[in-house]
Amino acid sequence: MSRPSIHLATLLAAVLAAGTPALAQSGHAGHGAPAAAQQPSGPGKVLYYRNPMGLPDTSPVPKKDPMGMDYVPVYEGEDSASGAVTISPDKVQKLGVRTEAAARRTVSRQVRAVGTVQVDERRLFIVAPKFEAWIETLLVDTTGATVRQGQPLMEVYSPELVLAQQEYLVARQSSGGGGQLAEASLQRLRNLDVPAEEIERLRKTGKASRTLTYRAAAGGVVLEKTAVRGMRFMPGEALYRIADLSNVWLIADVFEQDLGHVRPGQEVEVTVNSLPGRVFSGRVGFVYPTLTAESRTGKVRIELPNADGLLKPNLYATVHLATDVNAVPGAMAGLAVPDSALLDTGRRQAVLVETGEGRYEPRDVKAGARADGYVQILAGLEEGERVVVRANFLIDSESNLRAALSAFGGSGGQHQHQ
């Protein structure tokens with residue numbers, strides 16, 4: 001053994017035997033054997049002493065840091081490539097180390113969005129007659145009126161309809177009450193959306209009617225009305241816009257980072273500014289496949305029952321949606337740890353795993369979504385393994401945390417962790 005090695009062994013033995021750094025001045029090679037004999041039994045040979053705060057500083061002999069804390073001994077076999085270290089029980093208590101087992105749990109994330117109430121497109125109806133006519137009597141003459149299916153909307157005069165009725169009567173007389181020509185005339189009236197009761201009246205009475213009572217093909221609320229008494233309208237011209245508001249849509253703008261947590265079928269709660277204290281329940285019906293580039297939001301369609309009619313089109317609303325992050329594709333059945341356990345440098349994610357009493361090692365993991373104070377662990381950790389969730393020596397200051405994290409990535413600083 002060379003003189004420097006004998007000298008180091010002598011110093012370590014003297015320190016362990018006397019318990020004071022003052023004996024570190026001894027420098028005789030002949031004391032090497034007695035020192036080895038006097039070394040107390042323990043985990044193994046002491047290699048060096050490291051800074052208790054995780055700073056890149058070691059000492060061959062016991063010493064204290066500027067705060068008066070003793071340097072921690074590193075024994076033979078502890079300074080491994082894994083970076084595992086051992087902390088005495090009194091140091092664990094003094095440093096406030098807390099651990100918790102990784103467990104599978106339901107982690108939910110609250111998604112909040114805003115939107116506006118819209119008409120259910122499947123319940124919207126436009127009154128656009130297929131013939132030219134003049135409005136003689138307007139029976140539903142106000143916007144916002146509620147109409148029933150089959151309710152008369154207006155009485156119109158149409159020369160085209162009068163001519164079609166007369167053609168039918170002539171064909172029926174010429175054929176003795178029926179025939180293909182008469183049936184073709186009736187079919188023409190049906191194609192022009194003449195109600196069945198009007199056709200039946202024509203058959204029974206044999207008289208053409210000058211005016212036609214035009215009825216609503218669907219019930220709902222009149223959202224728009226362009227029909228005016230005395231006006232002439234052309235085929236296909238929209239006279240009424242009627243919507244059934246018993247069910248409505250809420251088109252919400254969900255932020256880009258939250259879209260992955262929204263799925264069709266999820267239940268939501270909706271509040272509106274005009275009805276404080278009222279909460280409406282709905283369900284996600286569709287997530288639109290496009291994104292708005294300016295606001296970085298995606299459209300989500302929520303279907304809401306509206307039997308009492310309180311939700312009106314264009315009403316501003318707020319959406320609250322609780323999502324299970326475990327349902328996101330790629331998640332591993334809900335394995336999670338407290339988010340304080342994750343050490344994230346931006347380039348590397350790690351946790352400190354307790355491998356024994358007072359023994360810890362850094363472990364690279366792949367983290368997922370964060371919610372409810374927990375973070376998903378997608379890879380690198382098994383259920384039941386205990387991880388450090390609170391340790392004052394790691395979070396005491398920003399500089400200490402950075403020093404500990406940077407040491408995880410290099411072999412030169414592996415022994416500097418706790």
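Which residues of H6 are buried? The buried residues of H6 are Glu198, Ile199 and Leu202, where buried means under 20% relative accessible area, exposed over 50% and partly exposed in between (1.4 Å probe, protein chains only).

## Basis of the description

This is a predicted model, in which local features need pLDDT of at least 70 and side-chain atom pairs count only at pLDDT 80 or more, while totals for chains, interfaces and linings use all residues. Residues are numbered from 1 along each chain as its sequence is written, and side-chain values use heavy atoms, with hydrogens and water left out.

## The chain as a whole

The chain has eight helices and 27 strands; these are DSSP runs numbered from the N terminus, with helices (H or I) of at least four residues and strands (E) of at least two. Of its 418 residues, 39% are buried. Among contacts (heavy atoms within 4.5 Å) with a separation of 6 or more, 68% are between residues 24 or more positions apart. The chain exposes about 21,900 Å², and carbon and sulfur atoms supply 51% of that area, as given by the Shrake-Rupley method with a 1.4 Å probe; for residues, only the protein chains shown count as cover.

## Helix H6

Helix H6 spans residues 196–205. Seen down the axis of H6, the buried residues fall within an arc of 100 degrees, so they line one face of the helix; the arc is that of the directions from the helix axis to the C-beta atoms. The cover over these buried residues includes H4, H5 and S12.

The face of H6 turned away from the buried side carries the exposed residues Ala196 and Lys204. After H6 comes Gly206, with a positive phi near 70 degrees.

## Nonpolar cores

A nonpolar core is a set of buried Ala, Val, Leu, Ile, Met, Phe, Trp, Tyr and Cys residues joined through side-chain atoms within 4.5 Å. The largest such core has 33 residues, and those with the most contacts inside it are Phe131, Met154 and Tyr240. At least two residues each are supplied by S9, strand S11 (152–157), helix H4 (159–174), helix H5 (180–191), helix H6, S12 and strand S15 (240–243). H4 provides the largest share, five residues.

Another core, of 24 residues, lies apart from this one and includes Val268, Val272, Ala317 and Leu321. In soluble globular proteins, nonpolar side chains tend to be buried together.

## Strand pairing

Two strands pair if DSSP finds at least two bridges between them. Two bridges link S14 to strand S9 (residues 133–138), and Arg232 in S14 is the bridge partner of Trp134.

Elsewhere, strand S6 (residues 103–104) runs antiparallel to strand S21 (residues 335–338), joined by two bridges; Arg104 has Leu335 as its bridge partner in S21. S21 also pairs with strand S26 (residues 374–379) in the antiparallel sense over three bridges, with Pro338 opposite Tyr374.

## Gln266

Gln266 is placed in the loop between strand S16 (247–255) and strand S17 (267–272). This residue is buried, with a relative accessible area of 8%. Its side chain reaches the backbone oxygen of His261 at 3.4 Å, and a polar atom of the Gln266 side chain lies 2.6 Å from the backbone nitrogen of Arg263.

Key: A polar contact is a pair of N or O atoms within 3.5 Å; within protein, one must be able to donate a hydrogen and the other to accept it, and residues adjacent in sequence count only if both atoms are side-chain atoms.
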